[in-house]
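Hi,

Here is the structure I said I would pass on. Have a look at it first, and then read on for what turned up.

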Amino acid sequence: MKMRTSLLAAAVLVAGLAVGPSVLPAAATTPAASTAAPSSPGPALEAAIAGLPRADATAALVRVGGTEGVWRGSSGVHDLKTGRPADPAARFRAGSVTKVFTAAVALQLAQEGRLDLDRSARSYLPELIPTSYAGVTVRQLLNHTHGIPAPDFPGTTVEEAYANRFRVHDPEDMVRSATSKKREFPPGERQHYLNIGYTVAGLLIEHVTHDSYERQVARRVLGPLGLRNTYLPGAAPRIAGPHNHGYQTMRLDDGTTGLRDVSVWRATDGWAAGDIISTTADLERFTDALFKGRVVRGPLLEEMFTLPEVTDVGTGEPAAYSVGLSMKVLGGREVWGKTGGRWGYNAAIASTRDGSRTLVYSVNSTDAKGQGMNRTAEAIMVAAYGRP
């Protein structure tokens with residue numbers, strides 16, 4: 001197995017701190033001071049993050065921007081042990097928001113003629129992609145219409161995932177595991193949101209650039225935009241720099257159910273699909289630049305705002321994912337963006353197409369990978385844009 005090194009030195013591994021739900025402190029239940037323009041949804045956002053920590057989340061950081069007004073707010077605690085207020089400038093795991101960065105780099109390479117969206121992934125990686133998936137194109141990898149199933153991972157529960165939290169997952173091994181299975185549907189005929197397409201995309205980026213995925217993201221996106229608090233951790237399990245602790249509800253060592261500190265966790269299973277670490281300020285700058293055409297330029301930007309004309313494999317509803325982004329109608333208007341979740345953390349970037357209202361949030365969710373959207377995260381989204 002090929003070990004991929006971190007861009008930052010890995011810290012000493014430590015076990016998570018287990019705490020029961022009864023220790024949630026009363027401190028920091030009022031949102032931190034914030035500013036709101038008259039047209040901004042300040043009161044609704046204040047209500048959305050008030051009362052933290054609570055059962056579903058221990059902290060929340062929110063930034064709203066755009067021509068309609070600006071709002072900043074934070075609530076909750078840095079950690080349950082000290083109960084001190086959450087750091088609004090903290091770094092956090094942004095999960096699948098990583099896919100937007102990966103898609104942006106792939107589209108830049110397409111603009112340069114180094115990657116062809118209509119060409120098969122196998123034509124670039126013939127020794128990795130088997131003939132059974134010869135019809136999958138680069139575009140289909142990026143808009144989740146490829147039909148490749150998810151790879152196998154050890155365990156199926158949060159407790160088993162926690163036990164394997166320091167395991168290093170090699171992206172090529174993940175692709176081999178996935179493509180050894182029968183395809184879910186013919187390429188291009190349905191949509192199924194999975195990480196595996198972006199794992200292959202990360203390998204394609206490395207193949208055509210003869211460079212690491214991490215360095216390409218840093219050189220093409222992080223550096224030019226000045227995103228100094230955003231990085232790809234590789235195999236390092238710790239969040240470098242200031243961060244609010246993430247907690248996950250699970251079965252504890254004594255057999256009871258409670259919260260365990262899951263801040264220290266290797267995210268190599270996500271890699272190009274979900275391992276980025278950032279701040280709300282950096283992600284707001286990235287979102288603004290992306291929607292203004294400063295990251296992906298010209299006609300290829302439209303790939304991020306074009307939904308494939310297929311249906312979702314699970315729901316039968318029209319496709320909701322484009323290249324890198326997803327779309328939902330909220331408050332009567334289209335909102336484009338991407339949510340993400342790692343154990344203990346939920347995050348999102350969002351914007352109207354014209355940039356009139358942008359949203360970035362980080363929620364330290366205790367059910368970050370549960371069924372449905374986290375209560376606090378959903379309240380923030382509705383407060384910012386309105387109901388579906």
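**Salt bridges**

The count of salt bridges comes to 18. Before you go through them, bear in mind that this is a predicted model.

One to look up is Arg63 with Glu284, where the closest N and O atoms are 3.0 Å apart. Arg63 belongs to strand E2 and Glu284 to helix H9 (residues 280–291), so the pair ties together parts that are 221 residues apart in sequence. Glu284 counts as buried, because its relative accessibility is 13% and the cut-off for buried is under 20%. Through shared partners, salt bridges also join Arg63, Arg72 and Glu284 into one network.

Glu112 is another one to click on. Its side chain meets that of Arg114 in a salt bridge (3.5 Å, N to O), and Glu112 also forms one with Arg220, with the closest N and O atoms 2.8 Å apart. Glu112 is partly exposed at 43%, and Arg114 counts as partly exposed at 34%.

In soluble globular proteins, nonpolar side chains tend to be buried together. Here the largest nonpolar core has 69 residues, and Phe101, Leu204, Phe286, Val295 and Met304 touch the most other members. Helix H2 (residues 98–111) gives the largest share of this core, nine residues. If you select Phe286 and leave out residues up to four places away in sequence, you will find that Phe286 touches Val100, Phe101, Val221, Leu225, Leu227, Val295 and Ile349. Apart from that core lies another, of 22 residues, with Ile49, Trp71, Leu330 and Val335 among them.

**Helix H1**

Which residues of helix H1 (residues 42–49) are buried? They are Gly42, Leu45, Ala48 and Ile49. These cover an arc of only 120° around the axis, which puts them on the same side of H1. Pro43 and Ala47, on the other side, are exposed. The buried residues of H1 pack against strand E2 (57–65), strand E3 (71–76) and helix H10 (375–385). Just after H1 comes Gly51, with a positive phi of about 85°.

**Strand E11 and its partners**

Strand E11 (residues 333–342) is mostly covered, with seven of its 10 residues buried. E11 pairs with strand E10 (residues 326–330) in the antiparallel sense over five bridges, and Leu330 has Arg333 in E11 as its bridge partner. The hairpin of E10 and E11 has two residues between the strands, and in it Gly331 takes a positive phi near 60°.

E11 also pairs with strand E12 (residues 345–352), again in the antiparallel sense, over eight bridges. Gly337 stands opposite Ala350 in E12. This hairpin, too, has two residues between the strands, and Gly344 takes a positive phi near 90° there.

The protein chain averages a pLDDT of 91, and 90% of the residues score at least 70. Residues 1–30 are another matter: pLDDT stays under 50 over them, and the model has 80 contacts for them beyond four places in sequence. Where pLDDT is low, the predicted coordinates should not be read in detail.

Cheers

Key
Residues numbered from 1 in each chain as written. Heavy atoms only, no water. Buried < 20%, exposed > 50% of the residue type's maximum accessible area, 1.4 Å probe, protein only. Helix = DSSP H or I, 4+ residues; strand = E, 2+ residues; numbered from the N terminus. Arc of directions from axis to C-beta. Contact = heavy atoms within 4.5 Å. Pairing = 2+ DSSP bridges. Core = buried A, V, L, I, M, F, W, Y, C linked by side-chain atoms within 4.5 Å. pLDDT = per-residue confidence, 0-100. Salt bridge = Lys/Arg side-chain N within 4 Å of Asp/Glu carboxyl O.
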